[in-house]
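Take the points in order and find each piece as you go.

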Amino acid sequence: MSRTLKIAGREFSSRLLLGTGKFSSNETMRDALAASGTEIVTVALRRADLSGKKDPFANILDFIDPKKYLLLPNTSGAMNAEEAVRLARLAAAAGLPQWVKLEIHPDPHYLLPDPIETFKAAEILVKEGFVVLPYINADPVLAKRLQDIGTATVMPLGSPIGSNRGLETRAQIAMIINQATVPVVVDAGIGAPSHAAEAMEMGADAVLVNTAIAAARDPVRMARAFKVSVEAAREAVEAGLPTQLDHAEATSPLAAFLAAGK
Amino acid sequence: MPFSSELSRALSDQSPLLRRLERLIAPVDDAGLSRMARESTTLTRRYFGRTMRLFAPLYLSNECINSCSYCGFSKENAILRVTLELDEVAKEAEHLAAQGFRNILLVAGEHPKFVSGGYMEACLRRLTPLIPSVSLEVAPMETADYIPLVRAGAEGLVVYQETYHPETYAGMHLSGPKKDYAWRLDCPERAYEAGFRRIGIGALFGLWHWRDEALALAAQVEHLLRSCWKAQLTVSLPRLRPAAGEFQPTHPLPDREFIQLLCALRICFPQIGIVMSTREPSNLRDTVAPLGVTMMSAGSHTEPGGYTGQGKDHLHRTIRGRQIAAQGEGAEGQFAISDDRSPEAVAARLRDLGLEPVWKDWDAAILNAA
């Protein structure tokens with residue numbers, strides 16, 4: 001079992017990804033990122049200035065050190081594949097990493113991802129050489145279809161963005177994890193460190209958290225709480241959770257007995 | 001089915017959500033109101049975080065062919081009028097951009113001759129390279145007439161029903177195209193069909209009983225969430241302000257009930273935007289900013305040319321469609337604003353309240369408006 005998270009050939013020691021929306025200030029966001037120990041930070045392109053003019057009223061990128069973090073542009077705001085592809089290309093042209101968190105939600109109220117448009121955009125962007133991390137509903141078939149076309153991860157939601165309701169899609173996330181050939185990052189709905197731990201204990205490779213940290217009374221301490229929780233859960237998985245041992249132990253006495261009888 | 005043919009049934013045979021709203025806007029004691037405020041705040045933080053979108057209105061013209069009892073632009077008022085020329089509009093927008101605004105609302109009275117579709121399209125094409133998000137608050141139009149405006153980069157459309165009470169509506173809108181209640185009521189759906197991504201609705205509180213207006217407004221929100229599911233909805237709760245014509249509100253919405261209504265709407269509709277303009281005084285705005293508001297204007301002027309003095313050299317009065325040159329300090333505003341702090345001061349106050357002022361939340365490149 002790998003100790004590090006590997007996405008598209010790149011290794012990360014932290015398994016906690018952070019979003020950058022909803023913070024009370026860019027300074028608080030910067031401090032929360034540091035406290036979380038994260039190495040992958042996603043930014044909504046619509047909040048950034050991509051013109052190269054250094055807009056002081058849209059300077060969120062100035063608060064994310066590209067030497068410390070992999071900056072993962074996201075396409076939030078795009079309603080269809082065409083818009084998402086345009087945004088991803090624009091970000092790459094502006095010098096951001098050729099990675100993209102594909103986020104297409106035509107419904108601005110529940111922010112649920114559009115499976116059809118996400119698949120179409122993923123196809124185009126993978127062909128163009130982007131590392132594509134698609135945000136999807138917890139649909140195991142869609143997850144497999146995306147892996148088949150070469151996405152670097154799948155990012156199923158636990159519950160709708162901002163709902164803080166935890167892993168309401170637990171059963172489907174379990175199927176996605178069982179079938180995955182790429183890292184599974186549980187994204188959205190994680191409202192408490194216990195939810196993050198639950199996802200990790202189920203075998204998710206990483207989690208992405210935003211609202212629960214940004215909207216906390218003390219985002220820096222909450223970021224630390226998530227860091228500890230994700231690390232603890234991962235440690236437990238690597239140590240072998242009792243609930244998982246049944247099928248994880250390769251050399252049980254029974255197996256040895258059966259093997260000897262052959 | 002358009003909302004105009006559903007409204008009366010929606011009010012007589014209420015949905016569970018409308019019944020909930022009705023309970024929430026019933027008279028409440030201080031403890032109950034505090035509970036509502038807490039719930040409203042929690043929901044707002046959860047869905048919108050600790051942020052506040054900022055915008056500014058840019059008035060293009062105060063010409064109007066409507067006669068509306070409460071509005072400063074009413075054609076009956078012998079006020080100084082002007083329609084800004086393109087260069088003048090650009091100068092006003094540059095001023096707002098320098099203050100930080102990346103989201104502006106173009107506002108105009110209704111006058112097909114001076115404020116034509118072509119004029120608005122030209123304004124949009126001139127401004128969108130400068131301002132990432134431009135919305136419109138202009139007279140209702142046909143879907144086909146909206147399409148060129150969307151193509152020119154208009155992102156949102158704002159249209160307030162003013163009053164949902166048909167008899168009051170008839171009594172307030174004495175002449176002009178605005179007399180047509182249903183035409184206005186179905187405007188958001190026509191705008192959605194044309195491709196607007198943000199739709200703003202509201203009632204002008206002060207014209208009719210506020211609880212009735214609130215229920216009808218909520219019924220429209222419910223309807224639009226179903227029929228216009230891809231549009232970001234915002235609601236606004238403007239209260240009547242002093243304006244030329246000296247109209248007095250007959251059914252005032254007091255501050256306490258105003259706050260209650262805002263919280264009730266947030267509790268019933270956690271994901272919609274709630275807008276608060278500079279009609280309201282600074283202390284009230286600061287009080288409600290954390291409770292449920294997601295979008296605020298700041299440093300606003302409601303007269304064309306109000307930011308930089310554009311258009312002063314072609315002021316006039318308009319009498320029976322003819323312009324008669326006139327001199328004066330500037331064009332008349334639509335209504336008096338109440339919070340006259342600068343955008344910078346409002347942003348600083350929001351930061352004190354633990355909210356990040358968000359200037360840019362949209363990139364024109366998403367649409368690649370051609």
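1. Let's start in the middle. The largest nonpolar core has 192 residues, and those with the most contacts inside it are Val207(A) and Ile104(B). Helix 10 of chain B, residues 210-227, gives the most to this core, with nine residues. Keep in mind that this is a predicted model. As a bit of background, nonpolar side chains in soluble globular proteins tend to be buried together.

2. Now zoom in on one of those core residues. What does Ile104(B) touch, leaving out residues up to four places away in sequence? Its partners are Phe55(B), Ala56(B), Leu58(B), Ala93(B), Leu96(B), Ile131(B) and Val134(B).

3. Next, chain B as a whole. Its secondary structure comes to 13 helices and 13 strands. The C-alpha trace of chain B spans about 55 × 45 × 40 Å along its principal axes. A compact globule with 370 residues would have a radius of gyration near 21 Å, and chain B, at 19 Å, agrees with that. Buried residues make up 55% of the 370 residues in chain B. Of the contacts in chain B with a separation of 6 or more, 80% are between residues 24 or more positions apart.

4. Have a look at strand 8 of chain B, residues 232-236. Why call this strand largely enclosed by the rest of the structure? Because four of its five residues are buried. On one pairing, five bridges join strand 8 of chain B to strand 7 (residues 198-202) of chain B, and the two run parallel. Here Gly202(B) stands opposite Ser236(B). Three bridges join strand 8 of chain B to strand 9 (residues 273-276) of chain B, also a parallel pair. Ser236(B) turns up again in this pairing, opposite Val275(B).

5. Helix 9 of chain B, residues 187-194, is another one to find. Seven of its eight residues are buried, so the helix is largely enclosed by the rest of the structure. The buried ones are Cys187(B), Pro188(B), Glu189(B), Arg190(B), Ala191(B), Tyr192(B) and Ala194(B). What covers them? The cover includes helix 6 (143-151), strand 5 (154-158), helix 8 (181-185), strand 7 and helix 10 of chain B. Just after helix 9 of chain B, Gly195(B) takes a positive phi of about 110 degrees.

6. Over to where the chains meet. 27 residues of chain B are in contact with 29 residues of chain A. Helix 3 (residues 30-48) of chain B supplies the largest share of the side of chain B that touches chain A, with four residues. Sorted by class, that side of chain B has 10 nonpolar, seven polar and 10 charged residues.

7. Finally, a stop in chain A. Phe226(A) sits in helix 8 (residues 219-239) of chain A. Buried or exposed? Phe226(A) has 27 other C-beta atoms within 10 Å, and 20 or more count as buried, so Phe226(A) is buried. Leaving out residues up to four places away in sequence, Phe226(A) touches Leu16(A), Ser36(A), Pro193(A), Ala196(A), Val209(A) and Ile213(A). From C-alpha to C-alpha, Phe226(A) and Phe12(A) are 17 Å apart in space, and they are 214 residues apart in sequence.

Technical notes
Residues numbered from 1 in each chain as written. Chains lettered and ligands numbered in written order. Predicted model: local features only at pLDDT ≥ 70, side-chain atom pairs only at ≥ 80, totals over all residues. Core = buried A, V, L, I, M, F, W, Y, C linked by C-beta atoms within 7 Å. Buried ≥ 20, exposed ≤ 12 C-beta atoms within 10 Å, placed from the backbone. Contact = placed C-beta atoms within 7 Å. Pairing = 2+ DSSP bridges. Rg over C-alpha atoms; globule rule 2.2 N^0.38 Å. Nonpolar A, V, L, I, M, F, W, Y, C, P; charged D, E, K, R; others polar.
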